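Please look at the sequence and the model first.

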Amino acid sequence: VHQDERTVGANSVSYDNATGRVAVKGGVDFEDAKLRVRSDTGSYDIDGTANFDQANFQLLDRNGRGFAKDIDAHPDGNVVLSQVRYTSCPVGNEDWMLQASSINLDTKREEGIARGVVMRFKGVPIFYTPYISFPLGDERKSGVLFPSFGHSGSNGFELEVPYYFNLAPNYDLTLTPGLLTSRGVELAGQFRFLSSNSHGQIDTTF
């Protein structure tokens, strides 16, 4: 089934002419400009509404993939995912895994919002936030970036949580508070600027 930028394929398709509802079963594939979904069962309406259960998904412009217990796509471009596991690692590698109770993707505003987020590294939870927003496209957006976690002989365990400030089209700032178990707390900053004939970067850590 093709409609505008959306495509739905399945082993079995049942179309209700009165309601415009398409019920799909067996190897369901759904794709639009931002999202690709594969599920065993689902439904699709000619107005653009779609629902998929126990679905694997891929964000086409962010090299990300995952699994959701339930996916609802709406005609206005919103996609709601429930009980989500998400990673940007290559297939076969899930060292970094993000879990969320729900993720809302607004494909028209190119903004995503996740709630109840836990980040895991090799199965160990290292970061939690009840709310986080992120861009879906190339547009920059102020907010918390993904934390980094590591260990070294001199620093001990290290945890850093960067915050990005999109100050202007030609300059920005990233502040990164952190904890080094063998040294104490730290604060790092990176300021970048761009002009018509020059560019520069200032890095500092205390």
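In this predicted model, the largest nonpolar core has 30 residues. The residues with the most contacts inside this core are V37, F52, F57, I71 and L81.

| Element | Residues |
|---|---|
| β4 | 21-31 |
| β5 | 35-45 |
| β6 | 50-59 |
| β7 | 64-73 |
| β8 | 78-87 |
| β9 | 96-106 |
| β10 | 111-121 |
| β11 | 124-135 |

Strand β6 gives the most to this core, with 5 residues. In soluble globular proteins, nonpolar side chains tend to be buried together.

The chain as a whole comes next. Its secondary structure comes to 18 strands and 0 helices. The C-alpha trace spans about 65 × 45 × 25 Å along its principal axes. Of the 206 residues, 38% count as buried. The accessible surface comes to about 12,100 Å², and carbon and sulfur atoms account for 53% of that area. Among contacts between residues at least 6 apart in sequence, 27% join residues at least 24 apart. The chain carries 19 positive and 26 negative side chains, and the centres of these two sets lie 4 Å apart.

Strand β13 (residues 148-152) pairs with strand β14 (residues 156-160) in the antiparallel sense, over 5 bridges. A hairpin of 3 residues joins β13 to β14. Within this pairing, H151 has F157 of β14 as its bridge partner.

Which residues does L179 contact, leaving aside its neighbours within four places in sequence? They are F157, E158, L159, G184 and V185. L179 itself sits in strand β16 (residues 171-180). Between L179 and G156 there are 9.5 Å in space, C-alpha to C-alpha, and the two are 23 residues apart in sequence. Is L179 buried, partly exposed or exposed? L179 is partly exposed, because its relative accessible area is 42%, a value between the cut-offs of 20% and 50%.

Technical notes: Residues are numbered from 1 along each chain as its sequence is written. This is a predicted model: local features need pLDDT of at least 70, side-chain atom pairs count only at pLDDT 80 or more; totals for chains, interfaces and linings use all residues. Side-chain values use heavy atoms; hydrogens and water are left out. Two strands pair if DSSP finds at least two bridges between them. Helices (H or I, at least four residues) and strands (E, at least two) are DSSP runs, numbered from the N terminus. Buried means under 20% relative accessible area, exposed over 50%, partly exposed in between (1.4 Å probe, protein chains only). Contact means heavy atoms within 4.5 Å. Accessible areas come from the Shrake-Rupley method with a 1.4 Å probe; for residues, only the protein chains shown count as cover. Lys and Arg count as positive and Asp and Glu as negative; His and the chain ends are not counted. The place of a charge is taken as NZ of Lys, CZ of Arg, CG of Asp or CD of Glu. A nonpolar core is a set of buried Ala, Val, Leu, Ile, Met, Phe, Trp, Tyr and Cys residues joined through side-chain atoms within 4.5 Å.
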